[in-house]
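Welcome, and thanks for taking a look at this one with us. Here is a short tour, grouped by topic, to read alongside the structure.

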Amino acid sequence: MSTPRHNQGLSRRSFIARAVAAGVAVPTLPALLSACGASDTTSGSASKIPAPNNPVRWPISKKNPPIKSGQQIQAGTTLRIYNYADYLSPKLIKEFEAAHNVTITLSTFNDEDEALTKIASGDLSFDLYFPSYDSLGKMVQADLLRPLNHDYINNIDNLWPQFKNPWYDEGWEYSVPYTVYTTGIAWRTDMVSEDIAQRQNPYDVFWDPKYASNLAVIDDWHTMMGMVLLRNGIDDINTTKASDISLMRKQMMQMLQVTHPKVTITMYNDLPAGQYGLCQMWSGDVVNAVYYLPKGQSPDVLRYWFPSDGKGMVDNDLMVVLAQGKNPVAAHYFINYMLDSKTAARNFGYIGYQPPQRSINPNEIVADGFVPKNLATATVLPRYFVEGSRLLQLPPQADNEYHQIWQEFKAGG
Amino acid sequence: MTVLDTRPKAAVSRDGRETTRRRRRPSVLLVVTLLYLLWSLLPVLIAVLFSFNAGKSRTVWQGFSTRWYYGDPLRSVWHDPSLHTAVVHTFRLGLLTTLITIPLGVAMALGLDRWRGRIPAGANVAVLLSFVLPEILLAVALLFVATTLHTPLHLGLWGQVLGLVTYQLSYPVVIVRSRLLTIGKHYEEAAIDLGASAWGAIRRVLLPMLVPAIFASTVLVFADVIDDFVIVRYLSGDASTEPVSVKIYNSARAAPTPALNAVASILLVGSLLVVVLGFLAYRFFTRGERADARGLDVFTGEV
Amino acid sequence: MADRRHGRLTRSNGRAPRLIWPALALPGTVWLVVLFLAPMYVVVAILFGTVDPILRQPVPIWNPVDWDLGQFRYVLDHIIGPDGFFGPALVRTAVYVLVASALCLLIAYPVAYYTARGAGRHRGLLLALLIAPFWISYMMRMLAWINLLQNDGLVNRALSFGGVFDIHVNWLSGHASTVVLGLVYGYVPYMILPLFAGLDRIPAATLEAARDLGANRFETFRRVTWPLSRPAVVVSLLLTCLPMLGDYFTNDLLSAAPQTSMVGNLINNSVLTPGQTGQAGAFVLLVLLISVVPMILYVRSNRLGDEVRS
């Protein structure tokens with residue numbers, strides 16, 4: 001970590017001042033990091049941002065070595081899982097508890113920013129965390145993760161082959177994939193009369209005054225902003241070009257004025273409840289929404305659009321072992337359990353999110369009853385991962401700009 | 001904050017006369033009041049009612065059942081660990097916070113009442129500030145302390161307790177001090193004249209007279225803590241430290257079942273019980289006093 | 001804890017009895033300094049601090065000499081001016097809080113007045129019912145409204161008279177009126193009780209004197225009751241306005257649309273967002289300033305009141 005000299009002087013001074021003034025309050029790891037002179041924000045770390053054309057193999061952590069092979073779960077211990085709400089089948093949890101005589105505590109977060117802040121505080125000692133791949137790099141660099149010991153995870157062979165050596169984590173040293181999903185548009189035919197998929201540019205519906213106050217977008221900055229870029233034919237949804245960013249900003253403010261969107265991540269409940277007729281949606285959530293429809297309501301009313309050429313947002317979530325956890329062995333067992341074909345299929349049935357399992361044939365997902373016929377478009381195909389756009393970690397400067405626009409959007413313009 | 005004994009001695013006769021006069025008017029005020037009561041209480045009663053719904057809906061009545069309290073093997077309050085932990089944690093927070101806040105606050109009220117100088121003046125300002133400032137300010141400040149500094153204040157149970165005590169401390173101080181104001185210094189001075197030590201005077205004379213105020217602040221603090229949301233949410237750690245209010249907030253935005261209404265109803269019954277018991281005990285402690293001085297004022301938090 | 005201290009003091013009985021008062025007040029005072037005032041300084045140090053480069057978590061700067069004004073300036077620049085996107089949210093907060101408080105007063109005053117003056121022998125019962133919502137969890141009361149305001153909820157069904165009219169209002173999708181009424185519903189109990197206490201304290205003799213001197217009911221109210229209840233009105237307005245200023249959950253639960261964001265939402269949105277934590281600090285200070293000014297006014301008026309009373 002090289003540093004411009006003037007920075008070093010300043011941070012050292014403030015470091016001393018801090019040490020003196022604080023007394024009781026010793027700065028944490030991040031504080032120390034920057035005081036040691038890592039205010040290098042543009043160069044250096046940029047090369048560490050993984051992308052499909054820039055695969056990254058992360059160094060094995062020295063501070064948090066992988067666990068030794070051949071250990072058993074200690075009976076009576078606790079496995080602490082940190083995940084989104086409704087994103088893991090409670091039945092599977094109970095069965096794992098019974099099989100290994102452990103207690104699982106499941107804590108939930110609303111968005112990854114909140115999760116990262118709480119993990120970074122170091123107070124909570126979670127064992128297992130479910131991030132999306134774009135935050136993996138940050139977590140490795142901040143030394144928050146424990147490298148995986150592959151001996152415990154032989155079910156990795158059940159996965160689509162591309163996930164045995166993903167570009168964001170070559171050699172899957174820190175992560176295994178949990179689910180795959182696309183981000184598209186969902187609507188109810190009883191509340192929206194047109195067939196949105198037939199539009200020249202379906203994304204335009206979010207700017208159509210016809211649907212004012214009748215729609216919602218996803219409360220996740222990059223997912224929502226990526227959609228705005230895609231609407232304009234900008235396939236690079238991680239663009240750092242000033243003109244792209246300002247166009248995106250303009251259109252987001254326009255959307256606020258024209259259609260008053262709700263900004264939330266609870267579409268899987270709100271859409272079936274009829275709170276709005278149309279929303280940006282993750283494929284897994286629209287599948288899940290079927291189970292939240294009120295009694296007597298036919299699932300036929302739900303529709304989902306994702307570009308059939310695959311040129312949309314396609315992502316996968318991960319399972320990682322946190323270094324702060326006290327039970328890494330159980331975490332490894334749990335990961336392997338979730339990669340088991342049968343477990344994964346049952347979990348799919350509960351959460352609606354498809355696991356990248358070879359045993360689940362994307363062409364037979366509808367026939368197998370995982371997804372109703374009218375939502376066949378919510379199936380995730382392996383080829384999407386070649387054709388689609390991926391959300392990447394942004395360089396700090398751009399990350400800051402995106403976040404500021406998001407903040408402006410959320411402030412209501 | 002206000003003084004209890006400024007009320008007129010003629011209160012009783014006034015009440016009698018006022019009512020007879022009022023009867024003759026068309027009472028718009030009565031209608032407004034009844035409408036208000038309806039509006040304020042009916043939604044809550046409906047929410048309680050739906051906790052007994054046999055179906056999964058919170059808007060369509062599908063018959064009476066206790067399924068969301070006990071019957072449902074996965075999602076009832078009894079069987080869903082996340083729900084009953086929330087109830088237990090809520091009461092645990094209430095108990096711990098009250099146990100620390102009340103002695104600390106009562107001692108502080110006694111001290112600030114007699115101690116003169118710059119430090120107590122500053123402490124007074126701090127008490128008032130913590131009394132009126134929006135809770136989110138303290139919550140954010142403590143969250144920063146917990147997440148960016150290495151101090152004994154951690155996210156989780158004890159972080160929440162420390163935060164809640166800080167926020168609640170002003171209640172006993174304000175309530176006990178206003179009571180001290182009505183008591184005056186005579187009793188304690190008399191006790192010292194009769195040979196009691198300062199501490200003895202406090203313990204044997206002042207404290208017994210303060211019992212009602214201490215009791216009222218205990219009930220107030222407890223009830224307020226189990227209702228707290230802002231501080232406990234920011235300082236919560238994992239799922240085991242999320243009380244009912246946070247649970248309601250999280251699930252109300254996701255996919256709630258009537259079990260959520262059930263857990264809220266349990267809390268409602270719990271806090272009403274505490275308040276009713278508290279009020280009865282308060283009447284018991286103040287039974288010797290004039291009727292109009294033992295009104296409900298002390299329970300309004302305004303005193 | 002207190003007992004130990006006093007045990008020691010009693011032994012030096014007589015010589016230093018005055019030490020007892022500082023000793024009693026100190027634990028609480030120290031507590032507030034460590035857990036109330038010092039954390040406020042942490043907010044300032046984070047506002048004027050930097051962020052770490054990897055996780056973008058805040059790094060406080062303790063020494064004012066080294067303060068980095070970047071985040072503070074960023075917030076200021078975006079409150080007014082062409083890029084002032086925080087401005088509308090702040091104005092909205094002010095409007096919501098003022099309208100909601102005014103509505104609260106409009107509801108609370110007659111109710112408190114009736115309870116204090118006209119309820120007669122049902123006064124106790126009435127008071128108990130009025131206090132009830134005060135003890136019912138705020139979240140529970142919001143949950144109740146969420147249930148009622150759902151698309152197939154009772155409100156829409158009542159409005160459509162059981163399906164006679166076709167009414168489908170999406171109450172929970174970003175209506176300013178829903179948020180303001182939610183605030184009113186949430187905070188009215190906090191206003192009724194101090195108002196009741198204030199109105200109840202006005203001596204009946206004063207009112208009777210006014211009537212005996214020929215004032216009609218309206219005149220009596222305008223020239224006697226209202227002026228005498230004004231301090232209670234001020235207190236009750238403070239007790240509702242200030243918590244409303246920091247409210248973000250009512251909005252989150254009843255709207256979740258950016259159109260109704262208030263300053264509390266600005267704080268809540270940025271407080272856990274990497275790289276924006278300092279901005280939350282700026283808004284915290286802003287709300288602090290806005291809250292402290294009316295409080296100082298209140299304390300001063302209170303002090304005056306105390307002097308008049310004694």
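## Briefing on the model

Reading along its sequence, chain B runs α-α-α-α-α-α-β-α-α-α-α-α-α-α. That amounts to 13 helices and one strand. Please keep in mind that this is a predicted model.

**Chain B: overall build**

- Chain B has 303 residues, and 51% of them count as buried.
- Taking contacts in chain B between residues at least 6 apart in sequence, 73% join residues at least 24 apart.
- Two domains are assigned in chain B: domain 1 covers 24-65 and domain 2 covers 80-300.
- Between the C-alpha centres of domain 1 of chain B and domain 2 of chain B there are 30 Å.
- Where these two touch, domain 1 of chain B supplies seven residues and domain 2 of chain B supplies eight residues.
- On the domain 1 side of that contact in chain B, three residues are nonpolar, two are polar and two are charged.

**Where chain C meets chain B**

- The contact between these chains involves 84 residues of chain C and 87 residues of chain B.
- On the chain C side, helix 2 (residues 20-47) of chain C gives the largest share, 18 residues.
- The side of chain C that touches chain B is made up of 62 nonpolar, 16 polar and six charged residues.

**The largest nonpolar core**

- The largest nonpolar core counts 291 residues, and the ones with the most contacts inside it are Val140(B), Val263(B), Met140(C) and Leu143(C).
- Helix 10 (residues 198-227) of chain B contributes the largest share of this core, with 16 residues.
- What does Val140(B) touch, leaving aside residues up to four places away in sequence? Its partners are Tyr234(B) in chain B, along with Val43(C), Ile267(C), Val271(C), Ala280(C) and Val284(C) in chain C.

**Where chain B meets chain A**

- Here 20 residues of chain B are in contact with 25 residues of chain A.
- The elements of chain B that give two or more residues to this side are helix 6 (135-148), strand 1 (149-150) and helix 12 (244-253).
- Helix 6 of chain B gives the most, with three residues.
- By class, the side of chain B that touches chain A has 11 polar, seven nonpolar and two charged residues.

**Chain A: overall build**

- Chain A contains 13 helices and 10 strands.
- Of its 413 residues, 48% count as buried in chain A.
- Among contacts in chain A between residues at least 6 apart in sequence, 78% link residues at least 24 apart.

**Chain A: strand 5 and its partners**

- Is strand 5 (residues 175-188) of chain A enclosed or open? Strand 5 of chain A is largely enclosed by the rest of the structure, because 14 of its 14 residues are buried.
- Strand 5 of chain A pairs with strand 10 (residues 313-321) of chain A in the antiparallel sense, over eight bridges. Thr179(A) stands opposite Asp317(A) of strand 10 of chain A.
- With strand 8 (residues 278-282) of chain A, strand 5 of chain A makes an antiparallel pairing over five bridges. Gly184(A) stands opposite Met281(A) in strand 8 of chain A.
- Strand 9 (residues 302-305) of chain A is another antiparallel partner of strand 5 of chain A, over four bridges. The bridge partner of Ile185(A) in strand 9 of chain A is Trp305(A).

**Chain A: two covered helices**

- Helix 10 (residues 328-339) of chain A has 12 residues and reaches 17 Å from its first C-alpha to its last, close to the 16 Å expected at 1.5 Å a residue.
- Since 10 of its 12 residues are buried, helix 10 of chain A is largely enclosed by the rest of the structure. Those buried residues include His332(A), Tyr333(A), Phe334(A) and Met338(A).
- The buried residues of helix 10 of chain A pack against several elements of chain A, among them strand 5, strand 10, helix 3 (90-100) and helix 11 (341-351).
- Helix 4 (residues 112-121) of chain A is mostly covered as well, with nine of its 10 residues buried. The buried ones include Glu112(A), Asp113(A) and Lys118(A).
- Just after helix 4 of chain A, Gly122(A) adopts a positive phi of about 75°.

Notes: Residues are numbered from 1 along each chain as its sequence is written. Chains are lettered from A and ligands numbered from 1 in the order in which they are written. This is a predicted model: local features need pLDDT of at least 70, side-chain atom pairs count only at pLDDT 80 or more; totals for chains, interfaces and linings use all residues. Ala, Val, Leu, Ile, Met, Phe, Trp, Tyr, Cys and Pro count as nonpolar, Asp, Glu, Lys and Arg as charged, and the others, Gly among them, as polar. Domain bounds come from an automatic or database domain assignment. A nonpolar core is a set of buried Ala, Val, Leu, Ile, Met, Phe, Trp, Tyr and Cys residues joined through C-beta atoms within 7 Å. A residue is buried if 20 or more other C-beta atoms lie within 10 Å of its own, exposed if 12 or fewer, and partly exposed in between; C-beta atoms are placed from the backbone. Two strands pair if DSSP finds at least two bridges between them. The expected span of a helix is 1.5 Å times one less than its number of residues.
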